[in-house]
Amino acid sequence: MAIACIGQLPQSSDAFTFISSKSSSSTVARTSSLSMGLLDDAFSKPMSDIDSERETPIDRWMGWSTKKGATPATPQQVPANFVDSMDATNYISIELEKPMGIVFEENDESKFGGIYVVSMSEGGNAEKAGVLQTGDQLVAVGMTNVAGQSFDDALGAIVESDAPKTKLVLFRGSAKDVYGPTGASKDWLQEFIDSGAAQA
């Protein structure tokens, strides 16, 4: 019977030591290299630089740089004025009688669409309520999603409302924050509106 001991040897790290269990006082050891084939020395050599043309996202994620001593990419910084449009606390809701006294304007239609508060009439219902601010983005009228709609369609939802007080849901942030690449998904926004959105 032979016992195999795996250990570090002075000259080779890929060898086994076989010790016979029949030897009594003196242990006779013999070593032999174990050859596994294709990957024999894959992990024994130092990692080489990756050709920059072959570098993949996983290489960057794992910190495998294309050049020795290259500094890993730093994560992008969040802009100081960023407002998360998937955070319910960044939405406000108000119920107003008509005439509301709000002046709306359309965002740049080629980029975003939708309308926002430009100003409030002095002494009007909106100004008296003291909730709205200029720049607030209108996203819903009652339970109707108007986010990203044209000026006529969004304002039409307010005009068509026959409730004594019309509920408006607005996003407190820029058009880029709500409609841009980091904006809320349509599904999230619709679910938020369907759930009753921000309480008035």
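# Aromatic rings, charges and buried residues in a predicted model

A search of the whole structure finds four aromatic pairs. Rings of Phe, Tyr and Trp (its six-membered ring) pair if their centres lie within 6.5 Å; planes under 30 degrees apart count as stacked, over 60 as edge-to-face and the rest as tilted. One of these pairs is formed by tyrosine 91 and tryptophan 188, with ring centres 5.9 Å apart and planes at 40 degrees, so this pair is tilted. The pair links distant parts of the chain, since tyrosine 91 belongs to strand E4 (residues 91-96) and tryptophan 188 to helix H5 (residues 186-194), 97 residues apart. Helices (H or I, at least four residues) and strands (E, at least two) are DSSP runs, numbered from the N terminus.

This is a predicted model, in which local features need pLDDT of at least 70 and side-chain atom pairs count only at pLDDT 80 or more, while totals for chains, interfaces and linings use all residues. Residues are numbered from 1 along each chain as its sequence is written, and side-chain values use heavy atoms, with hydrogens and water left out.

How accessible are the two partners of the tilted pair? Tyrosine 91 is buried, with a relative accessible area of 4%, whereas tryptophan 188 is partly exposed, with a relative accessible area of 21%. Here, buried means under 20% relative accessible area, exposed over 50%, and partly exposed in between (1.4 Å probe, protein chains only). Tryptophan 188 also forms an aromatic pair with phenylalanine 192; this pair is stacked, at 5.2 Å centre to centre and 10 degrees between the planes. Both residues lie in helix H5, four residues apart, about one turn of the helix. Phenylalanine 192 has a relative accessibility of 9% and therefore counts as buried. Tyr91, Phe171, Trp188 and Phe192 form one aromatic cluster.

The chain as a whole may be considered next. Its secondary structure comes to five helices and nine strands. Along the sequence they follow the pattern β-β-β-α-β-β-β-α-β-β-α-β-α-α. The chain has 200 residues, of which 28% count as buried. A contact means heavy atoms within 4.5 Å. Among contacts between residues at least 6 apart in sequence, 57% join residues at least 24 apart.

Helix H3 (residues 151-160) has the buried residues Ala154, Gly156, Ala157 and Ile158. What covers these residues includes strand E5 (102-106), strand E6 (115-120), strand E7 (137-141) and strand E9 (166-171).

Strand E9 contains threonine 166, which counts as buried because its relative accessibility is 2%. Residues up to four places away in sequence aside, threonine 166 touches Ile94, Glu95, Leu96, Lys98, Met100, Val141 and Ser161. With serine 161, the side chain of threonine 166 makes a polar contact of 3.0 Å. A polar contact is a pair of N or O atoms within 3.5 Å; within protein, one must be able to donate a hydrogen and the other to accept it, and residues adjacent in sequence count only if both atoms are side-chain atoms.

Lysine 167 is also placed in strand E9. A salt bridge is a side-chain nitrogen of Lys or Arg within 4 Å of a carboxyl oxygen of Asp or Glu. The side chain of lysine 167 does reach the backbone oxygen of glycine 196, at 2.7 Å.

The whole structure holds one salt bridge. In it, the side chains of aspartate 136 and arginine 172 meet at 2.8 Å, N to O. Aspartate 136 lies in the loop between helix H2 (125-129) and E7, and arginine 172 in the loop between E9 and helix H4 (175-179), so the pair ties together parts that are 36 residues apart in sequence. Aspartate 136 counts as buried, at 1% relative accessibility, while arginine 172 is partly exposed, with a relative accessible area of 24%.

A last feature concerns the backbone. Most residues other than glycine have a negative phi, and most peptide bonds are trans. The peptide bond from lysine 98 to proline 99 is cis, with omega near -5 degrees. Proline 99 is placed in the loop between E4 and E5.
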